[in-house]
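Please look over the sequence and structure below before reading on.

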Amino acid sequence: MLTFCLVASRTGRPPPDHVLDRLRDPACPEVPFDARHHLVWTNGTRTLWFGGWQDASEGPSASHHWHVEEGGLTAFAGQVWPRLDGWRTSRPWAEQLAALLRARPLSAENDDLAGIFIAMSLQQHGRSSVAADPLGIGLVYWGHGRDFVAISSRAALAAAVLAAEHSAEPVRDAVGAGWLAYCVHADALQTGFEQVEVVPDGGFIDIDPEGGARFVPASRSPWRLGPECTTSPGEMLEEARCEMVTAIRTELSRPGRTARSELTGGKDSRLVLALLLEEGLAGDVEFLTYGETDLPDVIVASEIAAVFGLRHTVVSEGASDPATVRRRERARAWRQRVNEAVRDQGYGSASSQEIAFRISTWSASGMYNVEEPLLGHPPSGAEVLFSGAFGEALRTAYERSSSLASKADAAYFPENMKFGTAAIFQPAVLDHYRREMHRVLFEGSLATDDAQDVVDAFFVRQRLRRWLGTAQELDSQRRAFPLYSITAIRLAFAIGSENRRSEWLHFQLMQRSGETLARIGFADSAWAAGADVDLVPTRQHDERAPSLPRRLTRLGAPRSYRARLLRMARRSPTPRVSERTAARDLRADATELDLALMRRYLLEDPSGRLFEIFDRGALQNSLDRFAGLSDAHKLQLYGALTAALWLGGHEIALPRGIGQP
């Protein structure tokens, strides 16, 4: 794991020493882990400076995330590899990346690279560049001071460097923090700091050694095919499969690495399994399903595990298998060390839940809803968790949007998703979020897009970036995302909204591992009509989807199997269980404690700036009715709690020196 910050002069003169002190500090307080390796680098004119901190999870090599040579510095945060074939040698990845970028420099379209990453090519003499993965899930933060630009993988670090220019403290942005109370996750480009923004998706940052840095956008939206593309859907499917398999093999190739994979009753995790089966790698992976034994997710996953002979563990509240018990004991012991260290710092009365909320607020600089605590610890270097995330980018992510009849109807999507329904904002602030959401929703849309295109692009550009991207700044589970294939995502938009709703890509990719896996029933729904159609474009691909014929064929589970699932669903009011849901259920008894914390930070001890955005009476009313509120309303109140912790400066930094979980 790497945290970095760049300081690029805007004047052609070196930045002042007191600004660079943050980069020179091996124990920089904004770095979210104990740094084993620390590097400070500058170019030949001393107008560009790099500070990098690497944790211990990558093994003993100090050069895994950066490579210094005579001509400059190459570095990356996150994980990066060549899209179609991965790294071919055992040399450090940054060294191989440096060689690749000498032949194909970072630019506005970096399709040769895969992973969730931020890559830097910094030159001793000449222009330098910074770029993220094609969708910008690797979040880059930047801010412009009077004499320099700060660019970082951490908003708090960029803000601290910018504030040092005036020997001041960073100013927190109430409106930026309020996004979490409007739609649960951040949106647009705002952060928790007034002077720092997220760099737009696509494109790259061009840094001039004579002064300044500018964002260079890509020629088209990164999720769209270019008009020059004439590749058939079948050929693109094969390329997408190759990208997904490369991601899996890259992670499994690391020395000493073990792998787990989530397995639910849905289609995303099953597509990951299909890839593993097709490549003969499923035997190298332990599969995990979260929930009690009578839940459809567990029933379906257990059936699949039996059919294919998988190593499968059901993680329920009462699970007693040795591996699960060991993981829980490690997690419990780590949380205990965290709690003791925090209380030793003077927070003796804080509950474990309050500590988790306050550390989560610090970990994500106020941009991650504390309803799902993000404690910010670095992962063990020995284990990777394959996730089905990004599967939703290949289909329609929001069921409610399927009823939108026209592009004009898409303007009502935020209301359909119940954004802002908690009604806890000042009227002018709520109006601002609604206008901004409308702008964000339609930004980059084409005249030929339909309503579903608008909504699905919103999911890719905003939801994935600002939710998953924020979590990946810390990557506390070392998750890998085989379904993040830029080719697959572009194909999903090219084939049109009807084929995305039928989950055409999932079926086509899954059936390649064998009909059996594609035909076993699901916990939620069967294949939609049209999932098995052969798509043949009738004209050249362009910025819009090609015209594609459809054959309507209903697929799904055998009737007896589906009836069994329906019986179980009727017994279980919550038919789907993910790790997140299971974690929330495990702390259901903490609801009263959560409510007490909300009352404390929102009403009894609020930040002076809190009521710039929230209406006190509306907050009081919501908290008084908390037990009867909808899930959407409750989530927005957790977002308000996050904003209150952030604006009041109540976050707690993760204590150093407490070791791994």
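## Terms and model

A residue counts as buried when its relative accessible area is under 20%. The model described here is predicted. In total, 38 salt bridges are counted in it.

## A buried pair across the chain

Arginine 224 and aspartate 449 form a salt bridge, with their closest N and O atoms 2.6 Å apart. The two residues are 225 residues apart and belong to distant parts of the chain. Arginine 224 sits in the loop between β14 (213–216) and α5 (233–252), while aspartate 449 sits in the loop between α11 (427–442) and α12 (451–472).

Arginine 224 has a relative accessible area of 6%, so it is buried. Aspartate 449 also counts as buried, because its relative accessibility is 7%.

## Two pairs involving helix α12

Glutamate 443 and arginine 461 meet through their side chains in a salt bridge of 2.6 Å, N to O. Glutamate 443 is in the loop between α11 and α12 and arginine 461 is in helix α12, so the contact ties together parts 18 residues apart in sequence. Glutamate 443 is partly exposed, at 38% relative accessibility, whereas arginine 461 is buried, at 7%.

Aspartate 456 pairs with arginine 500 in a salt bridge whose closest N and O atoms are 2.7 Å apart. Aspartate 456 lies in helix α12 and arginine 500 in helix α14 (residues 497–501), a separation of 44 residues that links distant parts of the chain. Both aspartate 456 and arginine 500 are buried.

## A network

Salt bridges also join residues into a network. Its members are Glu238, Arg241, Arg249, Glu278, Glu279 and Arg512.

Technical notes
Residues numbered from 1 in each chain as written. Predicted model: local features only at pLDDT ≥ 70, side-chain atom pairs only at ≥ 80, totals over all residues. Heavy atoms only, no water. Salt bridge = Lys/Arg side-chain N within 4 Å of Asp/Glu carboxyl O. Helix = DSSP H or I, 4+ residues; strand = E, 2+ residues; numbered from the N terminus. Buried < 20%, exposed > 50% of the residue type's maximum accessible area, 1.4 Å probe, protein only.
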